[in-house]
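The exercises below are to be worked with the sequence and the model at hand. Each gives a task, and a stepwise solution follows.

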Amino acid sequence: MTFNAVGQKIPKKDAPLKVTGQALYIDDLELPGMLYGKILFSKYPHARILNIDTSKAERLPGVKAVVTAKDFPPNFRIGFMKDNPPLKGNKVLSTRDEIAAVCAISPEIAEEACELIDVDYEVLPGVFDPITAMREDAPILHEELGSNVLKLPWKLVCGDVEKGKSESKYIVEDTFTTQWVTHCCMATSGCIAHFDINNNLTLYSNTQIPSLAQNDFLEALNALGLKNRRVRIIQVTIGGAFGSKLDTYPYEYIAILLALKTRKPVKIVFSRDEEFFATSPRQCTITKISQGCTKEGKLTFREVEMILDNGAYTSWGATTPSVMMMPISSLYRVPNVKYEAKCVYTNNTYCQAMRGYGNPQATFAIESSLDHLAEVSGIDPYDLRMINANQPGEITPQGFKITTCGLKECLEEVAKRLNWREKRGKGGGKRGVGMASLIHVGGGARVYKSDGCGTIIKMDDFGKVDVFTGATDIGQGADTVIAQIVAEELGIPVEDVNVIHNDTDVCPWDVGVHASRTTFVAGNSALYAARKIKARLTEIVSKILEIPQEDVEIRNGIAFSKSDPQKSIPVARAIRRAHFTTGGSMLMAEHFYDPNNENLGKDFKGNLSTAYTYGTHGVEVEVDTETGKVKILKYVAAHDIGRAINPLLLEGQIEGGALMGIGFALSERLIYQNGYLKNGNFLDYKILTVRDAVPVETVIIETDEKEGPYGAKGIGEPGLVPSAPAIANAIYDAIGVRIKDLPITPEKILKALKEKAGTGNKA
Amino acid sequence: MKKFDYHIPKSLEEALSLFKSLENAKYIAGGTDVLVNIKRKKESPSHLISLRNIDSLKVVEKKDGLKIGSCLIHQELLKIEEIRTYYSALYDALTKLGSKQIRNVATIGGNICNAAPSADTACPLLVLDAQVVIFGEKGTRMVPIDDFFEGPGTVAKEESEIVTSFELPSFPKYTGSAYIKHTRREAMDLAMVSAASRITFAAEDQSLLRDFLSSKGVEELDKELKNYPLFVKEARIALGVVAPRPFRAKKAESCLEGKFLNEETLREACEKAAEEAQPRDTIRGEAWYRREMVKVLTKRTILLSVKRAIEMCS
Amino acid sequence: MKKEIKFHLNGEEVVAEVEPHWTLLYFLRNVMKLKGTKEGCGYGECGACTVVVDKRAVNACLYPILEVDGKKVITIEGLSKPDGQLHFIQKSFIEEGAVQCGFCTPGMIMSAYALYEEKENPDEEDIKEAIEGNLCRCTGYIKIVQAIKSAKRRQQ
């Protein structure tokens with residue numbers, strides 16, 4: 001199959017605006033009469049609020065409103081478990097708890113006013129790790145719940161793990177831990193809330209979930225007594241998301257409240273300090289895993305127990321175990337699987353979605369453990385993976401219907417490019433190679449009642465197309481990919497397709513930009529809408545050219561007869577003919593695409609996604625055994641993506657994902673001590689710089705997914721999923737020590753090396 | 001940011017008299033520390049007196065050593081060929097400080113007067129026996145840099161005084177120096193530990209140094225030390241981040257100075273340096289690890305210094 | 001307490017009354033309403049606010065406004081021609097896929113611009129040195145380095 005627009009390295013549509021500084025992010029936006037909001041956060045991680053005195057702040061000239069919990073309805077709560085009041089009136093449960101907020105005519109005055117608010121606290125003992133939080137004598141955060149363990153019983157049982165154990169020749173068991181890491185979007189969070197004269201709300205936002213956010217805020221308006229109002233979400237240019245904007249947050253409700261009080265637009269934009277401590281990181285995990293295999297290396301079982309630090313409140317992030325189940329049950333063929341996870345309240349920051357949504361933590365454990373199993377069984381780790389690799393057509397124990405699967409090809413490419421057979425185990429105590437693979441949803445993920453996305457298309461008199469999509473562009477290039485798909489289907493140039501994706505007043509519903517679903521779901525939605533337009537268009541052309549409709553082909557904006565190409569007409573002219581006639585018509589179409597995937601059942605089984613994506617990363621490292629520093633010499637990232645709609649953007653997702661994964665593996669961690677964040681700045685929280693960047697060698701495996709738009713599957717998240725275990729495995733190959741706790745710092749390596757030298761034992 | 005007034009004197013005298021006449025004043029050079037401190041509410045001066053537009057603070061004099069004005073920015077200092085050639089430890093530090101944007105405004109005087117234990121130029125100036133030239137009401141005085149650092153953020157000068165320049169002596173050609181900054185990432189980072197060293201060999205060893213180079217090459221250095229009895233005439237070792245101030249590890253120096261450099265003396269020097277260090281556990285690094293790194297970095301800077309000394313003689 | 005400054009901003013003379021505690025970034029964004037220069041951290045740790053002052057890339061968030069008096073300042077808005085023609089570095093960023101969320105892009109491009117002012121044919125090491133203070137969370141830097149490296153051939 002040959003394509004015109006699909007498969008091309010087409011630059012991102014909004015890049016010209018971004019390279020000239022014309023793209024407007026939330027902090028760039030100013031509305032007439034706009035006020036600036038600022039939030040007062042808690043001084044303590046756990047305390048009773050005895051009194052809040054806002055009188056001094058209210059008297060400060062320039063202050064227009066001061067709000068506290070009293071200004072929200074008494075039982076108003078937000079979040080996945082509805083456990084989070086946007087402003088806290090009785091108790092604070094973490095140092096990011098919002099106590100009061102002000103808005104003023106300038107950010108400086110708002111900040112000063114916050115400092116004038118006096119809060120009396122009765123400090124309570126805090127609990128800062130999930131293990132302690134589960135003890136009988138631990139302080140209970142949400143007293144009404146009676147326990148710190150969330151009532152979200154994640155449990156998946158497939159086959160019979162005990163039987164699997166009895167069939168095993170080799171069994172390994174390890175415990176792995178992962179840290180808090182945070183998105184570090186280069187633009188900080190923020191919004192502007194504004195009510196019109198009819199009490200309808202417009203929120204300028206950088207949300208990843210415009211439709212769900214609209215729903216959340218409608219609930220808030222209802223709670224505030226504004227029944228039957230409208231909420232319009234206008235998305236500004238989003239300066240990075242990575243999952244961070246996959247929920248609605250207290251600051252947004254606070255901005256709405258302040259706007260309602262003042263009848264003025266109110267902007268709240270976080271400072272970088274606030275962005276670090278008051279947004280929600282990836283959850284840290286403790287994972288006990290055991291796996292076994294037969295003498296021949298066939299996996300027999302996998303058993304995983306996990307504890308997640310939920311933090312003080314519950315966001316969508318508490319559902320990450322539903323995604324962790326995916327690699328646990330379905331990465332490689334393993335017949336017997338058992339998984340249990342507990343999310344536990346602590347007085348730490350509450351966690352949320354971040355690129356990969358639990359998958360990186362789970363895959364770190366699975367793939368590290370798999371290398372351990374390879375060692376114990378005496379089978380090369382690459383061979384062990386090949387023996388157990390998933391295959392097209394299989395149904396996994398969790399009920400995933402694997403359609404396309406390029407895992408073996410990914411493994412082979414990585415082994416070849418790393419020169420695996422020559423290098424493995426031959427690094428002279430300093431160098432080593434390692435690999436790790438991933439499975440991820442690649443055809444949507446039914447985590448909500450609908451996994452759909454709507455598209456409306458219209459074609460104007462000049463043959464140009466406007467596509468109104470529910471999809472959200474967070475920098476990944478959804479705008480461009482959708483334009484390519486529509487251009488391909490309609491046979492017009494990509495530049496003739498305009499994608500509008502930022503306004504709930506004109507764009508249809510979409511569940512959100514998550515689960516690497518946009519190319520697949522929004523792409524299909526756009527494709528089918530374009531197909532409807534195309535049917536109308538070819539009908540018009542067939543009448544004008546007096547040829548059968550099946551004989552019409554459109555290429556580069558010209559419609560012609562396939563059998564007699566001399567018969568042709570520019571698309572624009574055909575459209576005008578149809579328009580400017582008595583009883584004329586114009587070309588408009590819509591489509592709502594909801595993939596045929598399934599919500600997981602009560603047993604957490606079901607075909608979560610319409611297609612699954614695979615990949616393998618391979619790494620060669622060099623370890624400085626005197627300092628413990630790790631240098632990455634080579635990095636290969638092979639991904640089965642179905643079809644590369646736009647290889648340029650695709651590489652960008654993989655390269656960026658990989659470096660984020662390397663940071664997760666080696667350098668990034670939020671340091672919380674007794675509930676206080678200690679390294680909330682770019683000097684001490686080490687996202688990687690260009691000096692640390694690794695020349696990622698991207699290998700694209702095209703398996704042509706039948707259900708995907710032009711064969712494509714998703715790729716937004718996979719790029720960072722296997723980085724950490726691939727690196728950990730390479731380090732083990734180099735120096736014979738296995739670090740089971742992320743990030744793999746020089747300290748941990750040196751300590752492990754010393755222990756190894758001291759005892760003479762392997763890790 | 002809290003409000004302050006900002007003054008731009010054109011001469012030292014004007015700066016000093018401004019300082020004397022203004023309440024709660026502070027000098028500012030590149031501002032990459034001062035402004036960050038104000039933004040982070042760690043300090044709140046009412047007046048900032050800029051030293052950026054005083055020409056006499058930007059001198060470079062190249063006779064009998066090197067004199068560099070305190071308000072030269074790092075990026076300008078990097079262009080001074082003499083620093084790259086004869087004061088390599090300083091050159092190393094200049095390349096490693098902050099980012100290009102920071103090096104384009106941050107001055108060496110500011111880096112020294114801010115006196116962070118991790119200040120990148122501090123250890124090099126310590127091993128290069130720099131003299132700090134200070135201007136004040138009573139005129140100009142000189143302080144050896146080793147006496148200048150008193151503690152974190154505190155230096156041996158009156159608040160009204162201005163550091164005008166640093167004077168570096170000229171060293172014999174058979175001298176090498178180096179600075180290594182140990183960080184978690186490769187740019188935009190503060191040192192977890194840093195070390196600088198300088199080794200000056202005896203004049204009579206020059207031919208030996210040349211032989212060394214022609215016979216084996218510097219890559220084999222540590223293994224070959226025993227075959228080449230190189231006499232260390234002067235040794236300097238300075239450590240950063242492992243004490244309240246950047247300091248010279250003098251016991252370590254004495255393991256080498258006046259002795260032949262070999263595996264044993266080198267190891268002793270590294271052990272001593274680690275003993276002299278008083279690292280702490282902080283979020284930026286653990287004490288035990290920092291102490292270990294003192295050994296490693298001391299060794300590496302010394303070997304790099306030796307390598308450079310040898311190359312100078314070739 | 002306002003003071004007057006006079007300087008060149010993107011080729012035009014600006015005379016303005018400023019508060020002494022303002023930074024150049026504050027002035028650009030809030031007084032001149034030039035929103036292309038971004039604030040990513042405010043502490044000189046991310047490079048999103050990079051502008052060029054007298055041919056040097058600096059963090060505008062740490063640049064005292066009074067220090068620009070008499071100097072030449074170029075921001076991202078000053079790079080393309082008034083007729084909309086883009087600077088060759090801007091073109092290169094578009095074509096090489098060096099832009100994702102775009103928030104670091106103006107600062108990144110200004111660092112690259114300062115580099116080209118300094119060196120006609122920068123190598124990879126020069127490029128890394130030039131942008132080591134510009135953080136990007138989206139791209140992994142590969143396409144950014146490539147864009148700066150190949151920018152020259154887009155110069156007409």
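**Exercise 1.** What covers the buried residues of α5(C)?

Solution. Start with the conventions: this is a predicted model in which local features need pLDDT of at least 70 and side-chain atom pairs count only at pLDDT 80 or more, while totals for chains, interfaces and linings use all residues. Residues are numbered from 1 along each chain as its sequence is written, chains are lettered from A and ligands numbered from 1 in the order in which they are written, and side-chain values use heavy atoms, with hydrogens and water left out.

Step 1. Find the buried residues (under 20% relative accessible area, with exposed over 50% and partly exposed in between; 1.4 Å probe, protein chains only). In helix α5 (residues 142-150) of chain C they are C:Lys143, C:Ile144, C:Val145, C:Ala147, C:Ile148 and C:Ser150. Helices are DSSP runs of H or I with at least four residues, strands are runs of E with at least two, and both are numbered from the N terminus.

Step 2. Find the cover. It includes α17 (647-666) of chain A, and from chain C α2 (88-95), α3 (105-118) and α4 (124-131). Contact means heavy atoms within 4.5 Å.

**Exercise 2.** Explain why helix α11 of chain A is described as largely enclosed.

Solution. Step 1. Six of the eight residues of α11 (residues 381-388) of chain A are buried, so the helix is largely enclosed by the rest of the structure. The buried residues are A:Pro381, A:Tyr382, A:Leu384, A:Arg385, A:Met386 and A:Asn388.

Step 1. List the cover. Among the chain A elements over these residues are α10 (359-377), α12 (407-418), α18 (723-735) and the strands β14 (299-311) and β16 (431-441).

Step 2. Inspect the N-terminal end. A:Asp380 caps α11(A) there, with a side-chain oxygen 2.7 Å from the backbone nitrogen of A:Tyr382.

**Exercise 3.** Locate B:Cys71 and list its contacts.

Solution. Step 1. B:Cys71 lies in the loop between β5 (66-69) and α3 (74-77) of chain B. B:Cys71 counts as buried because its relative accessibility is 7%.

Step 1. Not counting residues up to four places away in sequence, B:Cys71 touches B:Ala29, B:Leu51, B:Leu57, B:Lys58 and B:Thr107.

Step 2. From B:Cys71 to B:Leu208 the separation is 137 residues in sequence and 41 Å in space, C-alpha to C-alpha.

**Exercise 4.** State how chain C is divided and how its domains meet.

Solution. Step 1. Chain C has domain 1 (3-78) and domain 2 (88-154), with bounds from an automatic or database domain assignment.

Step 1. Their C-alpha centres lie 21 Å apart. In the contact, 17 residues of domain 1 of chain C meet 13 residues of domain 2 of chain C.

Conventions: Polar contact = N/O pair within 3.5 Å; in protein donor to acceptor, adjacent residues only side chain to side chain.
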